[in-house]
Amino acid sequence: MNHDFTSRIVWTGNRGDGTRRYRGYDRTWDIAVDGHEVVHCSNDPLLGGDPTKMNPEDLLLSALSACHMLWYLHLASNAGIVVLEYRDSPVGHGETLKSGAGRFVSAVLRPDITVATGADLALAAELHGRVHEFCFIARSVNFPVSYQPTFTEATSPS
């Protein structure tokens, strides 16, 4: 089954003179997807972007982490592991060549997961390796993704 995903990217950085001068325009844009809130973005601050806005690297790493989380929750639910909280602090490792070209060389997902008391923690950890079989984003990137989960047991909800 094939899927089409759509988005609209609208450059918002024209200060009135377009790209006439390299330093005469902002590296900002909006992501607009029908039915969703607009996301205001900018270039990486290292490249002159607005540090208060998401940049493409932030978005890619966040998409990778979110996709992993959603599949993990699905697999955990199917395996009878009750997840009560899930937070991730992923790190993407990149390189920039002398030419200015850059790329991600790896990413580490570091989810901190709270599970119900008595959960099979070995199985809970093992599920992370299975997510890559399903996650659309992880299956689409060309760099290795590793996982360093930590687990906390808590009383399950009534």
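Analyst: Of the 158 residues in the protein chain of this predicted model, 30% count as buried. The chain exposes about 10,500 Å², with carbon and sulfur atoms supplying 52% of that area. Its C-alpha trace spans about 65 × 40 × 35 Å along the principal axes. The radius of gyration is 19 Å, whereas a compact globule of 158 residues would come near 15 Å.

Two helices and nine strands make up the secondary structure. Read from the N terminus, the order is β-β-β-α-β-β-β-β-α-β-β. Among contacts with a separation of 6 or more, 53% join residues 24 or more positions apart.

You will find Arg 139 in the loop that runs between helix H2 (121–131) and strand E8 (145–147). Is Arg 139 buried or exposed? Its relative accessibility is 56%, and because exposed means over 50%, Arg 139 counts as exposed.

Leaving aside residues up to four places away in sequence, Arg 139 touches His 132, Glu 133 and Phe 134.

Finally, here is the charge picture for the chain. There are 13 positive and 18 negative side chains, with Arg counted as positive. The centres of the positive and negative sets lie 12 Å apart.

Methods: Residues numbered from 1 in each chain as written. Predicted model: local features only at pLDDT ≥ 70, side-chain atom pairs only at ≥ 80, totals over all residues. Heavy atoms only, no water. Helix = DSSP H or I, 4+ residues; strand = E, 2+ residues; numbered from the N terminus. Buried < 20%, exposed > 50% of the residue type's maximum accessible area, 1.4 Å probe, protein only. Contact = heavy atoms within 4.5 Å. Rg over C-alpha atoms; globule rule 2.2 N^0.38 Å. Areas by Shrake-Rupley, 256 points an atom, 1.4 Å probe, with all protein chains shown as cover. Charge placed at Lys NZ, Arg CZ, Asp CG, Glu CD.
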